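Please read the following note alongside the sequence and the coordinates. It is set out as numbered points for discussion.

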Amino acid sequence: MFTIKTPYWYINEVGAIEKAGEYLAKIGKNPLIIAGKSAFSAVEKQLLSTLNANGISSDSVSIFSGYPSQRQFDTYAQDALEIGADFIIGIGGGRVLDTAKATADTVHLPVVTIPTVAATCAAWAALTIQYDDNGSYVKHRPNPNAPRLVIADPKIIFTAPKRYLFSGVVDTFAKFYEERPTFEQHPEHIPAAISLNAAQIAFDRLKKETSLALSEAEKGVFGQAARDVVDSIIYIAGFAGSFKTEYGHYSFAHPFYHTSTKLRHTNHKLHGEKVAFGITAQLVLEGKTDAEITDTIKLFDSFDTAFTLDDFEITENRESDLAFLGKQIPEDFPYVKHTAEEIKHALLYADELSRAYKAGNK
């Protein structure tokens, strides 16, 4: 048995924001809009114009800050009830979109996601990663449905800081690295094969197209390469992660990220940036060769995401931080079957290989 949750509609085209009202009118007329400050600034003029042109209220805009926490969900749910909202719109990065999805779930309304960066596949996923108000991971909160509609505009996404795009690229690479062990354990399982093949498509497309898409974007061109990159990070990666099966998970990279948020001094790094280091450590745990791991570090370096423990400020209190991660990751994610010592070794060896690569490529 397996389940898959996907959006009803997915739109990826230049100018999508300017036509958003045409799509949104099919869902409702009175949304609660939850948006990041810079994200809303990037789309405000075009979005408000198209909402008004299609008879959709733009009266209820809440500027989001902080983390997707239970307090945020409760506050926004109350706001939605007070205005009689008939759907929720989330505009911004992963934190905003996750908050919008959980709010919609709380009040049983459809949700629309409008990503303004492609730092994760959060726009697609039927899942909210819940934190506390200080940014520490609390739990995975599955949503009963995926977003009703995803509106992605490459022009908006490619004018955001490149760091966010690179974070999304590496987070998408993680789909391949994290789906592969499941397939290796259960090669006969069709959903595992579908997920891995989708992840491979996104992996190959991003390696091929990201540099071209960025180069064209600098010239004001947002063509097929840009659309392919956005599709890979949001659509294909989201699709690959949509399958939930009885076999569970065999990954380490995302558990490393989630638990590391409890070390608050590491949270200056983005989701995908931490996941990159988590992938490197996962390959150590899998017993991959130094050559294969170093090739992966080289790939990450081409997207400015080859990091050492020092980059996460796991330095002064290294022993206690590593001891915490070694103990806490399996507690947070029981499918991680490694011991604290194995995890500590993997993190230290990933750090060693990353240092060696960087020292040889100054």
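Predicted model: local features only at pLDDT ≥ 70, side-chain atom pairs only at ≥ 80, totals over all residues.

1. Residues are numbered from 1 along each chain as its sequence is written, and side-chain values use heavy atoms, with hydrogens and water left out.

2. Strand 9 (residues 149-152) is covered on both faces, with Leu 149 and Ile 151 buried on one side and Val 150 and Ala 152 buried on the other. Buried here means under 20% relative accessible area, exposed means over 50%, and partly exposed lies in between, all with a 1.4 Å probe and protein chains only. Strands (E, at least two residues) and helices (H or I, at least four) are DSSP runs, numbered from the N terminus. In general, side chains in a regular strand alternate between the two faces of the sheet.

3. Strand 9 has parallel neighbours, where pairing requires that DSSP finds at least two bridges between two strands. With strand 2 (residues 9-12) the parallel pairing runs over 4 bridges, and Ile 151 is the bridge partner of Ile 11. With strand 6 the parallel pairing runs over 2 bridges, and here Leu 149 is the bridge partner of Val 112.

4. The second largest pocket has a volume of about 290 Å³, a volume being the space filled by probe spheres set on grid points that are joined across faces, edges and corners. A pocket is an open set of points, on a 1 Å grid over the protein atoms alone, with protein on both sides within 12 Å along at least five of seven lines, and its lining residues have an atom within 4 Å of a point.

5. Which residues lie nearest the centre of this second largest pocket? Of the 14 lining residues, they are Pro 181, Tyr 250, Ser 251, Glu 286 and His 338. Helix 6 (162-185) and helix 10 (271-285) are the elements that give two or more residues to this lining, and helix 6 gives the most, with 3 residues.

6. His 108, in the loop between helix 4 (94-107) and strand 6 (111-115), has a positive phi near 60 degrees, and is exposed at a relative accessible area of 71%. Asp 304, in the loop between helix 11 (290-301) and helix 12 (318-332), has a positive phi near 55 degrees, and is partly exposed at 49% relative accessibility.

How values were computed
1 Å grid on protein atoms, 1.4 Å probe; cavity = no way out; pocket = protein on both sides within 12 Å on 5 of 7 lines; lining within 4 Å.
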